[in-house]
Amino acid sequence: QVQLVESGGGLVQAGGSLRLSCAASGRIISGYAMGWFRQAPGKEREFVAAVSGTAGSTYYADSVKGRFTISRDNAKNTVYLQMNSLKPEDTAVYYCAVRFRTPYYSGVRYLHQSDYDYWGQGTQVVVSL
């Protein structure tokens, strides 16, 4: 069993930056794909970014490409989401997730919630004008 805990959310003005962290405990996440999703009020949860278990490949939703960067620090068992040039439409609860079913695989285009096995509880991001 793994526990994922997101942190780093908060209130920021449009154009600002935040870095979200997703710390894993109970199991090593090195070698497994990780993803970030978000859910805005009244909307379905949507894919934001993913990083592969190996090779460091990344994939982004078009809405965040060029502004957000996903990275991982295997020594810290943590995945990050650096968010720059934030917009009010980025306001949402952000969730991280891990995919254990394909270990040590370079695939990264896991865009659906069903592609992942465990989820964190989320961290709120609010971007004001």
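1. The torsion about the S-S bond of C22 and C96 is about 60°, and the disulfide is therefore right-handed. The sulfur atoms of C22 and C96 lie 1.9 Å apart; a disulfide is defined here as a pair of cysteine sulfur atoms within 2.5 Å. C22 belongs to strand β3 (residues 18-25) and C96 to strand β9, so that the pair links distant parts of the chain, 74 residues apart. Strands (E, at least two residues) and helices (H or I, at least four) are DSSP runs, numbered from the N terminus. The structure holds one disulfide.

2. The model is predicted: local features need pLDDT of at least 70 and side-chain atom pairs count only at pLDDT 80 or more, while totals for chains, interfaces and linings use all residues. Residues are numbered from 1 along each chain as its sequence is written, and side-chain values use heavy atoms, with hydrogens and water left out.

3. Are the two cysteines, C22 and C96, buried or exposed? C22 counts as buried because its relative accessibility is 0%, and C96 counts as buried at 0% as well. Buried means under 20% relative accessible area, exposed over 50%, and partly exposed in between (1.4 Å probe, protein chains only).

4. In a regular strand the side chains alternate between the two faces of the sheet.

5. D90 lies in the loop between β8 (78-83) and β9, and it counts as buried because its relative accessibility is 0%. Its side chain makes a polar contact with the side chain of R38 at 2.9 Å and reaches the backbone nitrogen of K87 at 2.8 Å. A polar contact is a pair of N or O atoms within 3.5 Å; within protein, one must be able to donate a hydrogen and the other to accept it, and residues adjacent in sequence count only if both atoms are side-chain atoms. Leaving aside residues up to four places away in sequence, D90 touches residues including V125 and V127, contact meaning heavy atoms within 4.5 Å.
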